[in-house]
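Please look at the sequence and the model shown here before reading on.

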Amino acid sequence: MKIDDFLYELKETLEIEDVELNEETNLKELEEYDSLSVLSIIAMIDENFGKRISGQDFQSITTIGSLMELIGMENFE
Amino acid sequence: MNNQFSLENKNIIITGASSGIGRQCAISCSQIGANIILVDINKEGMDKTLSLMQTANHVCFHKDITKHDTIETLIKIATSKLGKINGFVHSAGIEKTLPLKMMKPEIYRELFDVNVISGYEIAKIISNKKYSNSGASFVFIASIMGILGQSGKVGYCSSKSALIGGMKAMALELANKNIRVNCISPAIVETEMTKKLFENIPIDSKKEIIKMHPLGFGKPEDVANACVYLLSDASKWITGSNLIVDGGYSAR
């Protein structure tokens, strides 16, 4: 997946309208971030990458870049 | 005195017998004298359950209960071996925690298919006089989530709520055959299913959920004990009820 497409999917999942996301963005500092949005992100990743990330794995996530590393950088172009 | 709490020589069919609450129901019922017909899609788990049960004339069926047209054959085989059915426990169930916006029609369908429809289809077949004895008891394992809501559980809550609703209609409909129909609604019980659930949610949420159970999380036997009661003749005047077994969760 192209990184831009992934950022778009994330914005859609979190319903972010007025903030631009990039790999440096800290997910947990976003206003839209909460425990339920984590479940949405996990489902979005499962759907797009066929990869199951647990809630525990998510604890270590900070930036969008770190989430991409968890998914596996080989999945991005 | 004749022990009304006994399940001596009763034939009881249990779905979801390969793990968790279903497994414990099979074990507990066997310990007080019942013959169990175990049905589950997971053979390995079912064999494990069987090894933990008190020996009697148990029968195992490795079946997908959502393949509805195969169920009657199974019931026929079971009743030809053991005799008519005295009890049915629908414990097979799946859980999904997913925000509304990520839900899809096929996810609702899967939840309803396993949690509700497959249980009702089995009840339909065994309620036939050919297959069940007067005084039979059906128990559907619902959930406290069928009464109370929780975010991320629109699919699961609606399926368990449906199970409770249909149970009442079924209780009225089958009363003239002297078949009793009830639900048990547990809060969180420590099983493989809930373990998996907790792997998918943040640790903070887990702590919050534990706090919501005044007596802590339940053990499978806490639900199985209630199930034994509803299957036994001791509960012969109880039908159409939803027995809440939740460690105080819903008392708040």
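How many of the 12 residues of α1(B) are buried? The model is predicted, and local features need pLDDT of at least 70, side-chain atom pairs count only at pLDDT 80 or more, while totals for chains, interfaces and linings use all residues. Residues are numbered from 1 along each chain as its sequence is written, and chains are lettered from A and ligands numbered from 1 in the order in which they are written.

Of the 12 residues of α1(B), 10 are buried, so this helix is largely enclosed by the rest of the structure; a residue is buried if 20 or more other C-beta atoms, placed from the backbone, lie within 10 Å of its own. Among the buried residues of α1(B) are G20(B), R23(B), C25(B) and C29(B). Helix α1 of chain B covers residues 20-31 and should span 16 Å, and its end C-alpha atoms, 17 Å apart, agree with this; the expected span is 1.5 Å times one less than the number of residues. After α1(B) comes G33(B), with a positive phi near 105 degrees.

Chain A has 4 helices and 0 strands, where helices are DSSP runs of H or I with at least four residues and strands are runs of E with at least two, numbered from the N terminus. The radius of gyration of chain A, taken over C-alpha atoms, is 11 Å, which agrees with the value near 11 Å for a compact globule of 77 residues; the globule rule is 2.2 Å times the number of residues to the power 0.38. Buried residues make up 21% of the 77 residues in chain A.
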